[in-house]
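My notes follow as numbered points, starting with a helix pair, then the domains and the ligand.

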Amino acid sequence: MASVSDYASKSFWLGATPYEANPALEEDIRADVAIIGAGFTGLSTAYYLRRADPSLRVVVLESDVVGYGASGRNAGFAMTLLGLTLTVTRWRFGMEKARQAHEFMVRAVKHVGELAEQGLDFDYERNGLLTVATNRDQVNRLQSEIHLAHELGIEGVRWLEAGELREEVSSPLYLGARAEEECALVNPAKLARGMKNLAEGAGADIYEQTPVEAVHLRPRVRLETPRGSVAAEKVVFATNAFSGRFPQLRSKAFPIFTYIVLTEPLTQQQLSTIGWGGRQGIEDARNLIHYYRLTADNRLLMGGRDAIYYYGGRLGVDQHRPTFEQLERDIVETFPGLAGVGIAHRWGGPVSVPLDFFPAMGYLGGDRRVIYSLGCVGHGVTLSNMVGQIIRDLVREEKTELTDLFFVNRRVIPLPPEPVRFVLAQGIRKGMALQDNREARRQAKVEPPVGAARV
Ligand SMILES: Cc1cc2nc3c(=O)[nH]c(=O)nc-3n(C[C@H](O)[C@H](O)[C@H](O)COP(=O)(O)OP(=O)(O)OC[C@H]3O[C@@H](n4cnc5c(N)ncnc54)[C@H](O)[C@@H]3O)c2cc1C
């Protein structure tokens, strides 16, 4: 049997509770549907397929363990955002589709809540989201996002002035925030493992420690793994940021790395300097955002600040010291009362980013035997738990309101080959960082942050 990898070191969540992986595939088998990848996408697909048709033989092949990818490493924000921002979605697809995207995502956030109501234990907290502005340009951007939301008829989104915001969460950097009710926080590894139980309970077979090394589509679908193979009627690529491992998907999205640091549990005294009784998820309004939250045991998780593409789409760069150091400084700059707080965990992982920053899914090249889903950007917790219902309908070749959604079977702008791909990714990242830095400098000239500690 293949040895279980170092999954426990891949995130605080994955290592926090003991886990027993399923055995690897060690024979040649047949299946109706073979799913590659046991993140939220693969597991929700297996679950909904088996529920719809218990006569289907559904197998999931996971190279490492359930939740090994982004699903077990993320920050756990279940939010309504699809793509980069509402404004960008409106600009790319128009008003009606921006509204459709938001309505779908509200349904998807509620779906995560329903999983908790069903009895899955994943530290679910529906605390809402604060997108904070730390300079005037961000205030303007967030206020126009709220204006657009209201134009689209979206409710539950409002502006908080600095005073009102600081009563919720106190930081010398905050100038105001966009507050949204519809956002939950989860423990992602617990959710992934809960989804595994649901999928197995519904009758799916999950093989862990089973990397798919090749997918042959002609004459029939055949998947090769180190010690076995699957002959299947249909295949689902649920590999998100790892999709570049398969030549069929390589040009659809960049794998981009984002990193996280996690403190020791905060003391009541440390927490009292911040407030945060509402325990909201918080992002800032930079292009290269920070995202932060409290865990169930009151650790502060701080992530983001940079987003890195490695030449050739290299994976496995799960540690990045310069970003960790910067994030540790950012914690103290945001909350000076946390100066000296201990950092207990540091990790990172890849998200999947298409050229237009918008998710993509559907039949690969129009072949109804081959379905893929990728491009959740950093916002896939909600989407990828819901996407199983869309893929279910695609596999069953049923035309439904889900398969009619505008982003299903949409045309994806192909990425250029290397080295142009790398140059393009660097250009986008630098352009975003440049704007963030320019806006921060402009603010510092007007009003230097009061009492912001430097370390
Ligand atoms: C650090 C970080 C923070 C994030 N924070 C948030 C957040 O707060 N909110 C949010 O909405 N989103 C967030 N995201 C994004 C979110 O986690 C993803 O969009 C989502 O988990 C994608 O799920 P998935 O199942 O599609 O992909 P993954 O969870 O990446 O699953 C893909 C699976 O495929 C497996 N695999 C790869 N290659 C093979 C192969 N050859 N054979 C078999 N299996 C294979 C991998 O091991 C992996 O388990 C974050 C991501 C990261 C990395």
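1. A word on terms before the helices: axes are lines fitted to C-alpha atoms, for helices over the stretch in contact, and angles run from 0 to 180 degrees between N-to-C directions. Helices (H or I, at least four residues) and strands (E, at least two) are DSSP runs, numbered from the N terminus. Please keep in mind that this is a predicted model, where local features need pLDDT of at least 70, side-chain atom pairs count only at pLDDT 80 or more, and totals for chains, interfaces and linings use all residues. Residue numbers start from 1 along each chain as its sequence is written.

2. Have a look at helix α4 (residues 95-117) and helix α10 (residues 380-395), whose axes cross at roughly 85° and come within 9 Å. The two are therefore roughly perpendicular to each other (65 to 115 degrees; under 35 counts as roughly parallel, over 145 as roughly antiparallel and the rest as oblique). On the α4 side the contact (C-beta atoms, placed from the backbone, within 7 Å) uses M105, A108, V109, H111 and V112, and α10 supplies T382, L383, N385 and M386. These contact residues comprise six nonpolar, three polar and no charged; here Ala, Val, Leu, Ile, Met, Phe, Trp, Tyr, Cys and Pro count as nonpolar, Asp, Glu, Lys and Arg as charged, and the others, Gly among them, as polar.

3. Helix α3 (residues 86-93) packs with helix α5 (residues 136-151) at an angle of about 60°, their axes being 9 Å apart. This pair is therefore oblique. L86, T87 and R90 of α3 meet S144, E145, L148 and A149 of α5, a set of three nonpolar, two polar and two charged residues.

4. On to the domains, whose bounds come from an automatic or database domain assignment. Domain 1 covers 1-128 + 183-253 + 355-415, and domain 2 covers 254-353 + 417-455. Their C-alpha centres lie 26 Å apart. Across the boundary, 29 residues of domain 1 are in contact with 25 residues of domain 2. The domain 1 side of that contact has 14 nonpolar, eleven polar and four charged residues.

5. Where does the ligand lie? Both domain 1 and domain 2 give residues to its shell, so the ligand lies between them. The shell holds 44 residues, the closest being G37, G39, G69, G349 and G380 (C-beta atom, placed from the backbone, within 6 Å of the ligand). Elements giving two or more residues are α2 (40-52), β12 (254-263), β16 (343-353) and α10. By class, the shell divides into 20 nonpolar, 20 polar and four charged residues.

How values were computed: Contact = placed C-beta atoms within 7 Å.
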